Amino acid sequence: ATGAAITAGVLAVSKFVKLLGSLNDAYMAQERAERALATAAKNNPYLNDKSVQRLKAYASELQKVSNYGDEVTIGLMTQLAAAGRTEAEIQKIIKASADLAASGTTTFDGAVRNLNKTFSGLSGELGEVIPELKNLTAEQMKNGDAVDLIAKKYEGMAASVVDKSVQIKNALGDLKEVIGEIGATTGLTD
């Protein structure tokens, strides 16, 4: 009986250590995404620390009404920040991309990448699947009209296809991040 109790105790400790590791991993993934956004913002004359805070809050809000986790959105925001986009442009591109991706036309990251390209005056792959983009001049695209067109055409798509199981998974991921942060800051997960 003593051997069984020791084995059970070892298994319990092993599972607890594994759980702490997964909590720490969730926290570190979020922390890396946020750090990358902050670094990209420092190299972008249109962004500052307050912009970063608002972008993170925007990503968190988007997570509540879509299937996209905030760490994924923050990663995409980092790409846009590194490309020199303003806070308003980043938010518009992210929202339009989430809605466009929800339509099944493309992936979230593909939509972000291609909508960002429109600021160079190119419709690219999106022009092939969304013919209205071909009606815009290069100058209109550079001014963000392509993003506005997509935003209007696909408005509300991300919210309309929300999968509650994905949202629960994202919420549990956030909880793991918070607990992982506590573990990391107290030295529990070192």
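The exercises below work through the helix packing of a predicted model.

**Exercise 1. Overall make-up**

Task: State how many helices and strands the protein has, and what share of its residues is buried.

Solution: 
- Step 1. The protein contains ten helices and zero strands. Read from the N terminus, the order of elements is α-α-α-α-α-α-α-α-α-α.
- Step 2. Of the 190 residues, 37% are buried.
- Step 3. Take the contacts with a separation of 6 or more: 63% of them join residues 24 or more positions apart.

**Exercise 2. The largest nonpolar core**

Task: Find which residues of the largest nonpolar core touch the most other members, and which helix gives the most to this core.

Solution: 
- Step 1. The core has 38 residues, and those touching the most other members are Ile-90, Ile-94, Phe-108 and Ile-150.
- Step 2. At least two core residues come from each of helix H1 (2-42), helix H2 (49-64), helix H3 (70-82), helix H4 (87-102), helix H5 (108-118) and helix H8 (145-153).
- Step 3. H4 gives the most, with eight residues.
- Step 4. As background, nonpolar side chains in soluble globular proteins tend to be buried together.

**Exercise 3. Burial of H5**

Task: Decide whether H5 is mostly covered or mostly open, and list what its buried residues pack against.

Solution: 
- Step 1. Eight of the eleven residues in H5 are buried, and the helix is mostly covered.
- Step 2. The buried residues of H5 are Phe-108, Gly-110, Ala-111, Val-112, Asn-114, Leu-115, Asn-116 and Thr-118.
- Step 3. Their packing partners are H2, H3, H4, helix H6 (124-129), helix H7 (138-142) and H8.
- Step 4. For Phe-108, contacts beyond four places in sequence are Leu-62, Tyr-68, Val-72, Thr-73, Leu-76, Ile-94, Ser-97, Ala-98 and Ala-101.

**Exercise 4. H3 against H5**

Task: Classify the arrangement of H3 and H5 from the angle of their axes, and describe the contact.

Solution: 
- Step 1. The two axes come within 11 Å and cross at roughly 20 degrees. Angles under 35 degrees count as roughly parallel, so H3 is roughly parallel to H5.
- Step 2. This crossing of H3 and H5 is right-handed.
- Step 3. H3 contributes Val-72, Thr-73, Leu-76 and Leu-80 to the contact, while H5 contributes Phe-108, Asp-109, Val-112 and Asn-116. By class, the H3 and H5 contact holds five nonpolar, two polar and one charged residues.

**Exercise 5. H4 against H5**

Task: Classify the arrangement of H4 and H5 and sort their contact residues by class.

Solution: 
- Step 1. The axes of H4 and H5 come within 8 Å and cross at roughly 130 degrees, and therefore H4 is oblique to H5.
- Step 2. The crossing of H4 and H5 is right-handed.
- Step 3. Ile-93, Ile-94, Ala-96, Ser-97, Ala-98, Leu-100 and Ala-101 of H4 meet Phe-108, Ala-111, Val-112, Leu-115 and Asn-116 of H5. The contact of H4 with H5 has ten nonpolar, two polar and no charged residues.

How values were computed. Residues numbered from 1 in each chain as written. Predicted model: local features only at pLDDT ≥ 70, side-chain atom pairs only at ≥ 80, totals over all residues. Heavy atoms only, no water. Core = buried A, V, L, I, M, F, W, Y, C linked by side-chain atoms within 4.5 Å. Buried < 20%, exposed > 50% of the residue type's maximum accessible area, 1.4 Å probe, protein only. Helix = DSSP H or I, 4+ residues; strand = E, 2+ residues; numbered from the N terminus. Contact = heavy atoms within 4.5 Å. Axes fitted to C-alpha atoms, helices over the stretch in contact; angles between N-to-C directions. Parallel < 35°, antiparallel > 145°, perpendicular 65-115°, else oblique. Left-handed = near helix turned anticlockwise from the far one by under 90°. Nonpolar A, V, L, I, M, F, W, Y, C, P; charged D, E, K, R; others polar.
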